[in-house]
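Have a look around before the questions start.

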Amino acid sequence: MATLDSKAPQGSLADKWTNHKNNIRLVNPANKRKIDVIVVGTGLAGGSAAATLAELGYNVKAFCYQDSPRRAHSIAAQGGINAAKNYQGDGDSVYRLFYDTIKGGDYRSREANVYRLAEVSANIIDQCVAQGVPFARDYGGLLDNRSFGGVLVSRTFYAKGQTGQQLLLGAYSAMNRQIAKGKIAMYNRHEMLDVVLVDGKARGIIARNLITGEIERHSAHAVVIASGGYGNVFFLSTNAMGSNATAAWKIHKRGAYFANPCYTQIHPTCIPVHGEQQSKLTLMSESLRNDGRIWVPKKLEDAQAVREGKLKPTDIPEEDRDYYLERRYPSFGNLVPRDVASRAAKERCDAGYGIMNNSTKEGVFLDFASAIERYGNEQAHIQGIHNPSKEKITALGEEVIASKYGNLFDMYQQITDDNPYKTPMKIYPAVHYTMGGIWVDYNLMTTVPGLYSIGEANFSDHGANRLGASALMQGLADGYFVLPYTIGDYLADDIRTGPIPTDTPEFDEAEKNVTEGIQRLINNKGKHSVDYFHKKLGHIMWNKVGMARNARGLTEAIKEIAELREQFWKEVNIPGTADEFNQELEKAGRVADFLELGELFARDALERNESCGGHYREEYQTEEGEARRDDENYTYVAAWEYTGKPSEAILHKEDLKFENVELKTRSYK
Amino acid sequence: MNLTLKIWRQKNANVKGGMETYKVENISPDSSFLEMLDILNDQLINEGKEPVAFDHDCREGICGMCSLQINGEPHGPGRGITTCQLHMRKFRDGDTIYIEPFRAKAFPVIKDLVVDRTAFDRIQHAGGYISVNTSGNTQDANAIPVEKEKADKAFDAATCIGCGACVAACKNASAMLFTSAKVSQFALLPQGRIEATERVQNMVKQMDLEGFGNCTNTGACEIECPKGISLENIARMNREYLKASVK
Ligand SMILES: Cc1cc2nc3c(=O)[nH]c(=O)nc-3n(C[C@H](O)[C@H](O)[C@H](O)COP(=O)(O)OP(=O)(O)OC[C@H]3O[C@@H](n4cnc5c(N)ncnc54)[C@H](O)[C@@H]3O)c2cc1C
Ligand code: SF4
Ligand code: FES
């Protein structure tokens, strides 16, 4: 097994990035005008990268499958973005953000990258404010912060529950400025379907115009993949419906290694599945756990009565409720990290205490009654109301809750038709974020020269678990501040290359590959819709490769996914033609790639004989049912090389060296 | 629930479209409107017919991709929500539901219920930004304090999701509410003031070029806007525009 070189610079942690920037090659402004860069994806990562590359002087071609860059999935992020600004004076620092991120990731991320992320984080906030991003402010006119995901400082910047929207609109406005100048050519409703390599270097892509169905060739001196995460391999997830693995998977097939595919975050506070007609899951921001208490009934018969609608949760007395997070983790309580909270919910539901009245029976309560009472009493005190009635306290308390979480409570009521002020919310874990992705080195370059990957599409900074509010940070750090510099080091060799022609055998071959794939799908005329297969894949993934995994289930999953893939290629039915707007065809291509990725995913999980972060192997747990990591044997990044079949992928390892932090067991007891 | 659907079908921008009738059965009242269309589409595919094309992505009411004119209203019945947040319990068993694309000259139909809303992007290209370098040399974020009230108002304007319901609701197909939300966001922040004059002029000019109609203060846009963008923004844009033309 070959080992991979991360190219992390030498020197002390705090100096690495500065030294690196001082030593990498630059491209002079006049030469940048002779260089083209393709950016696939216009979310926080791709949007900020496209704008900055154009700002620096490169010619950028940006692609997204939606009708506008502003609709990229990043728009949906709710809670906030971290930055080590220490505006609150509560002891935050670059080192502390670095440390929390490394520990939160269960010591499976690269020190140098994470430190750089923490280092540039403060800059991100400055940049966004200058662009007109309306972050929350306090009455003194300064930026406000909140705390998130169990860390001990307030370092999360936010814009109500719509932080992702505001950050993305900021990046989009920066793009607009460059589009207006002609420095970015925007290709919306375009899907990248292959990458073109010339002499082993990435030199362009093949894309399909989704309106006309036309297959297009686009060349450039370098290609950046910022296509987001692959959580939809589970069918149901909190991702947008179109989120997909296609761009990442196609470059994997052309030589880019795929790292840690099995690291997937299951977010604990989502609205439970309502039934078989469901198409996607909705997240309720983690910030709710600051005030909500999580519980299930203590008695099995109560749980059953709740499911059958014979007993209301509000009628269950305190002593018959099991606040299981507070019980198991007294020091962190409801604020344990996401992986821990998710597994604890599953444990209770598996034991029969789930409260949902549908086929899955999976759900727990998130209860605001105590918070309403606490805030109500506080308000009565502040307002000088003596001996307030119970109703008055409730009314005052509800007002406070509404001011903090109003939009989330409305969204919950819209979806479930339940009033969360009056009855506890029902929640259950759902697939949310993929920590795995394309392997990249410190420069964010993949194993293919000239091919880069940023944002959720790469594997880099989160390790086996991602703490809240750090994905937005990573996307913008990569796009605004890291890639635009590191790419110069590579492009310095290309100042004399001139435009890359598209009428070459390499482009012919890639286009033929794409066209044949599409023809095969469209001519198949089988008997099942694409969704039929996607749902089946989702069931296998959730049941056998989901929140808890074991060798037997994984071995079965690998086989079942391969069989399903074979069935897909025999029986899928895609109406319409290839040369028109055809949404079923779009979906089919994405599901075909998920059907390969799913298998590698399961294989990666089977290979990793330990539990860490979002990867929980039932065989590797402590007596109390907590995850048991194996630092001796698994302190590495698993980077897979494609060889023609996912089951025959070759494992490469990047050994992770920890020089600045000591590996400790994560305990939240 | 069992429902009758009357849906606009149109192969592409160049051919005439028309209404078709479909039936769906056993729809759960807990399903969203788009999940109901998914079920119809699965049914159509199984019958060897072409599914209905419609736009959507986040299904969380935030990306602005979903559209649909439902029983004559953009995003259907219910206030302050997008189509993806509309649930079937808002309808009655046995109902007939009319589903059409957003209609406006500046939003040509691409296929069935999908329209082209890129005119909105071009309005943004004309000035929907603050001219600041993206290369990391900005001053500290707290260097310029912003009044909380103004920051909140800028945020409220910035929550526009660019869905186009305001245009579809307006009898003149005017894009005033959308454009004014963008103009307001920047006009309210100190960082955006510097270019305010050019911004409003350029964006309004582009809006007219795209073929959107005039605003006659009917207010239908505000009523149908899923994000509660207020008419106050139109008033603010008019003031900004007037100021700009006087200069
Ligand atoms: C509901 C929700 C809430 C969240 N809340 C938070 C939060 O509070 N804080 C936080 O830090 N993180 C949060 N996250 C995570 C975070 O939003 C994402 O990880 C992040 O936005 C990903 O950004 P990205 O730029 O990498 O990709 P995306 O925003 O997913 O963008 C992907 C882009 O790639 C394009 N694309 C994809 N495939 C192709 C193709 N083949 N061809 C052309 N274009 C393609 C798409 O069109 C899109 O433009 C949340 C996620 C969800 C789902
Ligand atoms: S103003 Fe309202 S209706 Fe118009 S595009 Fe924005 S969110 Fe949609
Ligand atoms: S699908 Fe995103 S707003 Fe409806």
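What follows is a short chat about two ligands and one residue.

Guide: Quick ground rules: this is a predicted model, where local features need pLDDT of at least 70, side-chain atom pairs count only at pLDDT 80 or more, and totals for chains, interfaces and linings use all residues. Residues are numbered from 1 along each chain as its sequence is written, chains are lettered from A and ligands numbered from 1 in the order written, and side-chain values use heavy atoms, leaving out hydrogens and water.

Visitor: How much of ligand 1 does the protein bury?

Guide: Ligand 1 sits between chains A and B. A backbone N or O atom of A:Met192 comes 2.8 Å from one of the ligand's nitrogen atoms. Taken alone, ligand 1 exposes 1000 Å² (Shrake-Rupley, 1.4 Å probe), and the protein buries 98% of that.

Visitor: Which element gives the largest share of the shell around ligand 1?

Guide: Among the contributors of at least two residues each are α3 and α13 of chain A. The largest share, three residues, comes from β6(A).

Visitor: Is A:Thr52 buried or exposed?

Guide: A:Thr52 lies in helix α3 of chain A, and its contacts (heavy atoms within 4.5 Å) beyond four places in sequence include B:Thr134. Buried means under 20% relative accessible area, exposed over 50%, partly exposed in between (1.4 Å probe, protein chains only). Because its relative accessibility is 0%, A:Thr52 counts as buried.

Terms used:
Helix = DSSP H or I, 4+ residues; strand = E, 2+ residues; numbered from the N terminus. Near = heavy atom within 4 Å. Polar contact = N/O pair within 3.5 Å; in protein donor to acceptor, adjacent residues only side chain to side chain.
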